[in-house]
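I opened a new page for this chain. I wanted its fold, its core and its surface in order.

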Amino acid sequence: MHYVRDRTFDEDRSQVRTRHAPQIMATLRNLAMSLLRLAGAPNIAAALRACGRRVRTTLRFLGV
């Protein structure tokens with residue numbers, strides 16, 4: 001999971017460093033990956049790009 005977070009979200013270069021923000025961001029990234037995997041996305045990076053381009057795709061992945 002760390003590899004996907006680092007490569008897809010570029011987590012190692014994140015500038016979020018104060019208080020609880022790093023843990024919260026890691027949790028949100030894990031949640032996004034889990035939702036995409038549960039929706040059957042074979043490639044997390046491609047699914048994130050598709051969700052960024054189309055709202056309907058995002059809603060379909062979320063099951064709405």
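**Fold.** I counted the elements and found 4 helices and 0 strands. Read from the N terminus, I get α-α-α-α. The model is a predicted one, and I kept that in mind throughout. I then looked up the extent. The C-alpha atoms fill a box of roughly 35 × 20 × 20 Å along the principal axes.

**Burial.** I asked what share of the 64 residues is buried. The figure I noted is 23%.

**Core.** Next I looked up the largest nonpolar core, which has 8 residues. I listed them as Val 4, Met 33, Leu 36, Ala 41, Ile 44, Ala 47, Cys 51 and Phe 61. Which elements give two or more residues to this core? I found helix 2 (21–38) and helix 3. Helix 3 gives the largest share, with 3 residues.

**Helix 3, residue by residue.**

I started with Ala 45, which sits in helix 3 (residues 44–53). Ala 45 counts as partly exposed because its relative accessibility is 22%, and the cut-off for buried is under 20%. Ala 45 and Thr 8 are 37 residues apart in sequence. In space, their C-alpha atoms are 5.8 Å apart.

Leu 48 came next, and it lies in helix 3 too. Buried or partly exposed? Leu 48 has a relative accessible area of 27%, so I wrote down partly exposed.

Ala 50 is buried, since its relative accessible area is 13%. For a pair I took Leu 28. Ala 50 and Leu 28 are 22 residues apart in sequence, and their C-alpha atoms are 18 Å apart.

**Nonpolar surface.** A nonpolar surface patch covers about 910 Å². I noted its members: Ile 24, Leu 28, Leu 31, Leu 35, Leu 38, Val 55, Leu 59, Leu 62 and Val 64. Helix 2 and helix 4 are the elements that give two or more residues to the patch. Which helix gives the largest share? My entry reads helix 2, with 5 residues.

**Positive surface.** I then looked up charge. Arg 49, Arg 53, Arg 54 and Arg 60 form a positive surface patch. I followed Arg 60 into helix 4 (residues 55–62). Arg 60 is exposed because its relative accessible area is 58%, with the cut-off for exposed at over 50%.

My last stop was the backbone. Most residues other than glycine have a negative phi. Arg 19 is not a glycine, yet its phi is positive, about 50°. Where is Arg 19 found? I traced Arg 19 to the loop between helix 1 (2–9) and helix 2. Arg 19 has a relative accessible area of 76%, so I logged it as exposed.

Definitions and conventions:
Residues numbered from 1 in each chain as written. Predicted model: local features only at pLDDT ≥ 70, side-chain atom pairs only at ≥ 80, totals over all residues. Heavy atoms only, no water. Patch = residues over 30% accessible without salt bridge, like charges linked within 9 Å, V, L, I, M, F, W, Y side chains within 5 Å. Areas by Shrake-Rupley, 256 points an atom, 1.4 Å probe, with all protein chains shown as cover. Salt bridge = Lys/Arg side-chain N within 4 Å of Asp/Glu carboxyl O. Lys, Arg positive; Asp, Glu negative; His and termini not counted. Charge placed at Lys NZ, Arg CZ, Asp CG, Glu CD. Buried < 20%, exposed > 50% of the residue type's maximum accessible area, 1.4 Å probe, protein only. Core = buried A, V, L, I, M, F, W, Y, C linked by side-chain atoms within 4.5 Å.
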